[in-house]
Every structure is written in C-alpha cells, then in structure tokens.
Amino acid sequence: MNDLRALTDLLESLDGRSYGAYKQIKGTWMGPGFALIIDHVQPDPFATPSLVCLRVARETHGIPAELWSNRARKKGLLDYLLRVFAGAVEACPGVGSGRSCEIFVDAGGAEILERSAADIGENYLSLRFRVGMPARGRTVLGKAAARLMGEVLPQALNAVYWSNLPHSVAREWAYLTEDHAHLQDQLKESGLVAFVADGSILPRESGVSARPLANAVPFASPAGLRVTLETLHHGPVSGMGLPAGVTVISGGGFHGKTTLLEAIELGVYPHVPDDGREWVVTRSDAVKLRSEDGRAVTGVYLTPFIHDLPLGADTEFFTTADASGSTSLAAAIMEALEVGAGAILIDEDTAATNMLVRDARMQRLVERETIVPLIDHARELYERAGVSTILVTGGSGDYLDVADLVLLLEEYRVMDATERARAIVAELPLSRTGEPAAPARPRDRYPLAASFDARRRGREKVSVRGLRELVFGGQAVNTDGLEQLVSPSQLRAVGALLKRARRYADGRTSLCRLMDKLEEDVDTNGLYALEASPELARPRRFELAAVINRLRKLRLRQPSAALKNDE
Ligand code: ADP
Ligand code: MG
C-alpha cells in the first residue's frame with residue numbers, strides 16, 4: 001500500500017495531462033492514522049464525481065464506543081459526524097471547470113437518518129463522499145488535486161476526531177436518537193399511537209423551510225390526555241399521549257390542524273436538536289395517506305371500499321392506469337394495511353371527501369353508490385385489526401359518532417372535546433345508516449421479478465429527481481404523495497432496493513414478505529452493500545412499498561393462483 005505522499009506526488013506529476021490519466025489514482029493511500037480510498041474515478045470532469053472513502057482507525061478518531069454501542073445511538077452519532085464533516089469541507093476553495101473541487105457529503109435535514117455515507121465499528125470509522133477531481137477543460141489540474149487530497153481532506157477529517165468534537169453535542173445527537181427509539185417502544189406498550197411533548201414547536205418557517213417558525217405557540221397538552229414518559233437520558237417528558245383508536249382532529253380553518261398532523265406524521269423519525277419536534281414521537285408503523293388522482297393501481301383488493309363499478313370493473317383485483325381521488329385513497333389504505341400499517345393518518349385537505357364520508361341525505365339521493373367511505377370502516381379497522389385512524393376534519397361532524405377521541409384546535413391550542421362531541425351526538429342524532437361492507441382485510445399480492453427490471457438497452461437505469469420522482473428503467477414514478485419520505489437519498493435507496501427485490505420476487509413471495517426480506521437485508525448488510533453509493537438513506541418499508549405500488553409496470557401473479565396458495 002502506498003502512502004498519501006505518493007498520491008500527492010502522483011497527482012502533481014499528472015498536471016497538464018488529459019483527464020483520463022486520473023484513472024491511476026484508484027486505490028488505497030495511507031495517511032497518518034487513516035486510509036484514503038479512491039473507489040471509483042470519474043471519466044470526465046462533468047461526470048458523477050469520484051467516490052472517496054476516508055477510513056479512520058479507532059485509535060485515531062478516539063470516539064468512545066459507548067456512543068455507537070447500539071443501533072439508535074450509532075445512527076445519531078453518524079448523522080452528526082457527517083454534518084460536521086460536511087461543514088468542514090464546505091469552505092474548500094475550488095478551481096477549474098465542471099464539478100472540479102466540489103465535495104459532496106450527504107448530510108443534513110431536520111430528520112436523523114441512517115445513511116450509507118458513514119459507518120463505525122470495532123476497527124474503523126468510514127466516511128464516504130464524492131469529490132470532483134479538478135480540471136481545466138479536460139486537462140488535469142494536478143496541483144489543485146494534490147492539495148485537495150493531501151491537505152483539504154485530511155484537515156477536514158480532523159474535525160470528526162473526538163479531541164476536536166464538542167463532546168456534549170455529539171452525545172446529545174446519539175442520546176436523542178436513542179431516546180426517540182426508546183419512546184417509540186413505550187408507545188406500543190402504553191397503547192398510544194403518538195406523543196407530543198409540551199413545549200414542542202410544531203409549525204415550520206414555510207413550506208420549503210423545515211426550520212421552526214419563530215414566535216410559534218408552543219404545544220400544550222390538554223390535561224386529560226397528559227402523560228409522562230421516561231427517557232433514558234433526558235429525564236421524564238410530559239405531553240399529550242394520543243391513544244390508539246379512532247381520533248378526529250377538528251377545529252376552524254387555520255387553527256393548526258394540518259400542522260399537528262404533519263408533526264405526528266414525521267414523528268416516525270428522530271429530529272435534530274433544536275428542531276422543536278425532538279419530542280414528537282409516533283409509532284413506526286403510522287402511515288400518512290392521501291388521494292392522488294392519476295396514479296397507477298395494480299391488482300388491489302378494493303371491494304371493502306368500492307364495489308359494483310360501472311361496466312363491471314373488477315374490484316377484487318383492481319387495476320387502473322389512472323385512479324380517481326377516491327379509488328387512489330381506497331387503494332392507498334388497502335396497500336398500507338397489506339404491508340403492516342398500524343395507524344393511518346389522513347387529512348381532509350388532501351383526501352377525496354366521498355371516500356371519507358357520505359351523509360344521510362346523499363345516502364337517500366344516491367342509491368347506486370359504489371363507495372363505502374372510511375367512516376364505515378374506521379371502527380371495524382380498530383376493533384378487528386387494531387389499526388388506528390387519525391383524521392383531520394373540520395368539515396364532517398358525522399365522524400363524531402365513530403371517534404374514540406375528538407381533539408379541537410383553537411388558535412393552535414389543543415382541547416379534548418370528546419365529552420362535548422358526545423353531547424352533540426346525543427342532541428343531534430344522525431339519520432345516517434352505517435353501510436354494510438366486507439372488512440377492510442387486505443389480500444396479499446405476489447409480485448413477479450419482471451416488475452423490478454430496470455434495464456434499458458441492456459443497462460440498469462435508476463435515478464431520482466429530488467423527492468418527487470424516481471425513474472426506474474423507463475418508468476417515472478411520481479412520489480409527491482409520499483409525505484413521509486423526507487430525503488432524496490431515501491428515494492435513491494428505494495431505487496436500489498427495487499433492483500434488489502428482483503432477487504426475491506418469485507411470484508410466491510408476498511409483497512409484505514418482500515418488505516421483510518429487504519429490511520433484513522439492510523439490517524444485516526447495511527445500505528452500502530445494496531449499492532456502492534455514498535448517497536443512500538434508509539427508507540421505511542411503507543415508502544418502499546408505496547413506490548412499488550406506483551410502478552406502472554408492476555406485474556403480479558394472477559389472483560386465482562394466489563388465492564389457492566393462501567388456503
Ligand atoms: P388548518 O389545517 O387548521 O387549516 P394549518 O395547520 O394549516 O391550519 O395552520 C395554519 C397556519 O398557522 C400555518 O401557516 C401554520 O404555520 C400556522 N401555525 C400552525 N401552528 C402554529 C402554532 N402553534 N403557532 C403559530 N403558528 C402556527
Ligand atoms: Mg388544514
């Protein structure tokens with residue numbers, strides 16, 4: 001193995017050569033206490049930048065093992081180290097054309113995520129990132145490259161050594177992440193779906209900024225719902241415990257209903273210190289659902305919600321290339337249940353009204369209704385399957401009949417209005433009748449391997465456009481509706497997992513089981529083993545399944561065969 005000095009000498013000697021000469025720098029170069037590993041060299045200055053890993057021996061970084069002794073702590077610590085490293089390379093002065101001298105470290109955001117960019121274990125800390133090897137036109141800038149590799153990177157690396165880190169901050173990231181996981185575990189035991197601590201700041205600066213809104217009204221729990229949970233590192237925390245069951249969040253327009261639900265939705269992830277939502281914790285199997293007209297639906301058992309469609313369309317195995325607002329929501333509910341959702345979160349702002357409710361007068365007028373709305377399933381879902389519903393609605397009082405808990409928001413303050421709702425229900429009884437329906441019990445579907453073929457003209461092609469779109473092979477999958485997807489890196493990982501799914505999808509493995517297998521894969525081997533990319537972040541199974549469900553080329557084993565197999 002050569003030392004770093006040999007690399008910088010080599011780079012200087014390449015000065016003025018054509019870009020292809022950079023190929024020679026591939027390999028491992030030893031610096032003091034660390035290895036600089038160049039795994040892939042870009043072919044030209046405009047291509048995806050080169051893949052570099054800094055691997056630091058434990059004696060060198062000195063980070064106490066206690067901070068990465070379990071999964072959650074490790075996730076928090078590494079998320080923090082990546083941010084520190086990204087900050088340290090940020091100021092790197094660049095020269096040259098194209099992506100010359102640019103250093104890309106995948107870090108940041110309001111949520112703490114497991115990323116392929118970092119790993120730590122008994123022997124090493126590894127940081128993976130991309131570097132644009134400097135050039136003018138197609139000519140190697142050898143001196144700049146030597147400075148980048150020989151000075152800039154080693155110096156930035158210093159920032160993550162324990163001797164240079166702010167210890168209390170590093171600890172806080174690890175402990176906060178662990179406490180989030182710890183509270184998530186407690187939710188299940190305490191029969192809660194979500195917890196929102198008193199004093200939390202829920203609203204964000206704007207639709208495009210995740211920073212906490214200045215001068216926001218801090219969250220305060222209504223006395224009847226107040227619970228105190230024990231943390232491992234932060235003492236007891238008090239706040240609102242949302243019990244399992246059917247919850248309606250109501251209130252006038254602009255009084256903060258959507259903001260509360262959005263905070264709960266993202267409470268499935270730990271948040272960074274000072275985010276305001278550090279202590280908003282939601283069960284990991286809570287899934288936000290919405291209407292998405294135009295999406296594809298493939299082979300979903302939709303009959304509990306929709307039946308007797310005109311022209312005899314099949315709702316037992318419902319397929320469409322262009323779903324409506326209501327069918328897309330019904331499909332989303334069944335799909336989420338199929339892969340194990342334990343709570344569904346819906347906001348009237350983004351849900352087709354006719355899928356939520358049909359009032360008494362409409363029941364009289366429209367006799368040939370094809371839709372059984374959620375209101376007729378919510379109780380059944382909870383009582384039979386233990387699946388909770390949290391619904392935001394300021395519009396439909398019919399839900400007061402089926403709710404276990406009614407929250408009322410007034411000027412961003414939450415009140416428990418369940419008693420009042422009961423009184424109103426007694427005073428103004430409904431003439432609405434419950435509509436008979438099959439229980440919303442999903443049927444397993446069995447994807448075929450062909451669904452996960454990303455090849456175009458012989459090469460696998462997968463790319464993402466921000467958070468909004470995954471292009472898999474020739475198909476563009478719109479992901480606007482996946483509100484719990486928080487990072488484009490998660491979507492990149494979804495792309496990699498889709499490719500991996502090809503191995504397991506044999507037409508006898510259900511979609512739900514496929515999700516188990518892919519999760520086990522990542523648990524055992526990590527994200528980087530999926531694909532040698534430093535820009536992957538771990539998605540949840542629900543977002544992964546949601547992307548699969550939106551593939552226009554999703555191919556399933558035919559239902560008759562699948563049913564036989566179930567028996
Ligand atoms: P709703 O869904 O009830 O119509 P939203 O949740 O959309 O209301 O909130 C309306 C506005 O109030 C948003 O601009 C939001 O940022 C702001 N807001 C929400 N909660 C708070 C709060 N606790 N303090 C200050 N502003 C808030
Ligand atoms: Mg709203």
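Biologist: What makes helix 6 (residues 257–266) largely enclosed by the rest of the structure?

Modeller: In this predicted model, seven of the ten residues of helix 6 are buried, so the helix is largely enclosed by the rest of the structure. Buried means under 20% relative accessible area, with exposed over 50% and partly exposed in between (1.4 Å probe, protein chains only). Helices (H or I, at least four residues) and strands (E, at least two) are DSSP runs, numbered from the N terminus.

Biologist: How are the residues and chains labelled, and which parts of the model are used?

Modeller: Residues are numbered from 1 along each chain as its sequence is written, while chains are lettered from A and ligands numbered from 1 in the order in which they are written. Because the model is predicted, local features need pLDDT of at least 70 and side-chain atom pairs count only at pLDDT 80 or more, whereas totals for chains, interfaces and linings use all residues, and side-chain values use heavy atoms, with hydrogens and water left out.

Biologist: Why is Asn549 called buried, and what does Asn549 touch?

Modeller: Asn549, which is found in helix 14, has a relative accessible area of 2% and is therefore buried. Counting contact as heavy atoms within 4.5 Å, and leaving out residues up to four places away in sequence, Asn549 touches Arg295, Ala296, Glu335, Arg445, Leu511 and Leu554.

Biologist: How do you know that Gly142 is buried, and which residues is Gly142 in contact with?

Modeller: Gly142, placed in helix 4 (residues 142–158), has a relative accessible area of 0%, so Gly142 is buried. Neighbours within four places in sequence aside, Gly142 is in contact with Leu11, Glu12 and Asp15. The C-alpha atoms of Gly142 and Tyr22 are separated by 9.4 Å, although these residues are 120 residues apart along the chain.

Biologist: Why are helix 12 and helix 14 called roughly perpendicular?

Modeller: The axes of helix 12 (residues 488–504) and helix 14 (residues 541–550) come within 10 Å and cross at roughly 65 degrees. These axes are lines fitted to C-alpha atoms, for helices over the stretch in contact, and angles run from 0 to 180 degrees between N-to-C directions. Angles under 35 degrees count as roughly parallel, over 145 as roughly antiparallel, 65 to 115 as roughly perpendicular and the rest as oblique, and helix 12 and helix 14 are therefore roughly perpendicular to each other.

Biologist: Which residues of helix 12 and helix 14 meet, and how are they classed?

Modeller: Leu491, Val494, Leu497 and Leu498 in helix 12 meet Leu544, Val547 and Ile548 in helix 14. By class, this contact has seven nonpolar, no polar and no charged residues, where Ala, Val, Leu, Ile, Met, Phe, Trp, Tyr, Cys and Pro count as nonpolar, Asp, Glu, Lys and Arg as charged, and the others, Gly among them, as polar.

Biologist: What makes strand 26 and strand 28 edge strands?

Modeller: An open sheet of three strands has the order 26-27-28, with antiparallel pairing. Strand 26 (462–465) and strand 28 (475–478) each pair on one side only, and these are the edge strands. The twist averages 20 degrees from one strand to the next.

Biologist: How do you know that strand 27 and strand 28 pair?

Modeller: Two strands pair if DSSP finds at least two bridges between them, and four bridges join strand 27 (residues 469–472) to strand 28, which run antiparallel. Val471, for example, has Ala476 in strand 28 as its bridge partner. Helix 12 lies across strand 26 and strand 27, running at about 25 degrees to strand 27.
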